[in-house]
Amino acid sequence: MLCLVLIGAWRLACRQEKTPLRSVLLGCGFGLMTLAHAYTFAFGMATPSVFTAALWATDCRRERRWNFALCLLSGVVVTGVYAFVMAGAMDARTRADSLEIIGLVHSRKFYLITLIHPLVAGLGAWQRLRETDDRRRAAWLLLTCSQIGVFLCRNSQVVTGLLLQPFHFIPLGSFTGCLMFFLWLADCLSRRAWWNKRVGAAAALIVLVWALANEKIGAERTFRFFGFPPDVEAGLRWVRSVPGDPLILSLSMETNEMVPLYTAGKVQVPPAAP
C-alpha cells in the first residue's frame with residue numbers, strides 16, 4: 001500500500017491540471033495506512049506533508065500546490081475520523097494498556113545517527129537541481145521529502161516527549177533511500193552504449209530475486225520471535241471458546257501480552273514496559 005500511494009503521489013506531482021478526485025483518493029490512501037501499521041502511517045503522512053510544503057516553496061504552478069493541499073487535507077480528515085472511532089470503541093484502560101504493551105516511554109533524546117537522512121535528502125535535492133526532465137525532478141523531490149519525513153518521525157520525541165520504538169522507521173527510510181540510489185543508477189547506466197533493454201531486464205530480475213531471497217530470510221528469522229507456533233494458536237483458540245471473560249494467571253510474559261490482545265480473556269499480571 002505504501003508503494004501504491006508513493007507512486008500515486010509521484011504521478012499526481014507530474015500533472016499540470018487540477019485533479020480534485022484523484023487528490024482526495026490519494027489523501028484517503030495515505031490516511032487509511034493507519035489500518036496497516038502505525039509507523040507506516042506516520043511516515044506516510046509525514047512525506048506528503050513535507051512534499052506539500054516543498055511544492056509551495058519551490059513550485060510556482062498553482063495546480064500542483066492545490067492538488068497536494070487537497071490530498072493532505074483528505075488524509076488528515078480520514079485520520080481524524082479513524083481516531084474518533086477508535087477513541088469511542090476503546091475504554092481508557094485498554095488504551096493505556098496498549099501503550100504500555102508497545103513500549104511507550106517518556107524521552108526527549110535526539111539520535112545523531114538520524115542525521116544520515118538530511119544528508120541523503122541534500123544529495124537528492126542536488127540531483128533534482130541537475131535534472132532537466134520534469135517527471136524525474138518530481139521523483140527526486142518526493143524521495144527527498146521522504147527522507148526529511150523519516151528524520152522528523154525518528155526525532156518527534158524531541159518535541160512531544162514521547163518515544164515509541166523509532167527504529168521501525170529505519171526500513172522505510174532505507175526503502176526510499178534505495179529508490180534514490182536506483183534512480184541515480186538508472187540515469188548513469190542510460191548513458192552507456194552497452195546498456196539496453198535486455199541487459200536492463202536481466203539486471204532487474206537479479207535484483208528482484210535478491211530482494212525476495214532477503215525477504216524470505218527475514219521472514220524466517222522474524223517468525224521465530226513474533227510468529228505464533230501451532231500450540232500457541234491452539235491455546236488462544238481454547239481461551240476464545242471459554243464463555244465469559246476468563247481470568248488467567250501465568251508467569252509467561254508472552255501469554256500475558258497475547259491473551260488480552262487476541263482474546264476476550266484477562267490476565268492476573270498485566271504486561272508493562274520495562
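**Briefing: cysteines, salt bridges and helix faces**

A search of the whole structure finds zero disulfides, a disulfide being a pair of cysteine sulfur atoms within 2.5 Å. The structure is a predicted model, in which local features need pLDDT of at least 70 and side-chain atom pairs count only at pLDDT 80 or more, while totals for chains, interfaces and linings use all residues. Residues are numbered from 1 along each chain as its sequence is written, and side-chain values use heavy atoms, with hydrogens and water left out.

**Cysteines**

- The sulfur of Cys-3 has its closest cysteine sulfur in Cys-178, at 12 Å, which is too far for a bond.
- Cys-28 is likewise in no disulfide, and the nearest cysteine sulfur, that of Cys-71, is 8.8 Å away.
- Cys-3 is partly exposed, at a relative accessible area of 42%, and Cys-28 is also partly exposed, at 23%; buried means under 20% relative accessible area, exposed over 50%, and partly exposed in between (1.4 Å probe, protein chains only).
- Cys-71 lies in helix 4 and is buried, with 2% relative accessibility; helices (H or I, at least four residues) are DSSP runs numbered from the N terminus.
- The C-alpha atoms of Cys-71 and Trp-140 are separated by 19 Å, the two residues being 69 residues apart along the chain.

**Salt bridges**

- The count comes to five salt bridges, where a salt bridge is a side-chain nitrogen of Lys or Arg within 4 Å of a carboxyl oxygen of Asp or Glu.
- One of them pairs Arg-64 with Asp-134, whose closest N and O atoms are 2.4 Å apart.
- Because Arg-64 lies in helix 4 and Asp-134 in helix 7 (residues 134-154), this pair ties together parts that are 70 residues apart in sequence.
- Arg-64 is buried, at a relative accessible area of 4%, whereas Asp-134 is partly exposed, at 25%.
- Arg-136 forms a salt bridge with Glu-131, with 3.1 Å between the closest N and O atoms; Arg-136 is partly exposed, at 21%, and Glu-131 is buried, at 13%.
- Arg-191 forms a salt bridge with Asp-187, with 2.8 Å between the closest N and O atoms; Arg-191 is exposed, at 56%, and Asp-187 is buried, at 17%.

**Helix 6**

- Helix 6 (residues 116-130) has 15 residues and should span 21 Å at 1.5 Å a residue; its end C-alpha atoms are 22 Å apart, which agrees. The expected span is 1.5 Å times one less than the number of residues.
- The buried residues of helix 6 are His-117, Ala-121, Gly-124, Gln-127 and Arg-128.
- Seen down the axis of helix 6, these buried residues fall within an arc of 120°, so they line one face of the helix; the arc is that of the directions from the helix axis to the C-beta atoms.
- An α-helix has 3.6 residues a turn, so residues three or four places apart point the same way.
- On the other side of helix 6, Leu-119, Leu-123, Leu-129 and Arg-130 are exposed.

**Nonpolar surface patch**

- Leu-73, Val-77, Val-81, Phe-84 and Val-85 make a nonpolar surface patch of about 510 Å².
- Patches are made of residues with over 30% relative accessible area and no salt bridge; like charges are joined within 9 Å, and nonpolar side chains (Val, Leu, Ile, Met, Phe, Trp, Tyr) within 5 Å.
- Val-77 lies in helix 4 (residues 62-89) and is partly exposed, at a relative accessible area of 47%.

Methods
Accessible areas come from the Shrake-Rupley method with a 1.4 Å probe; for residues, only the protein chains shown count as cover. Helices (H or I, at least four residues) and strands (E, at least two) are DSSP runs, numbered from the N terminus.
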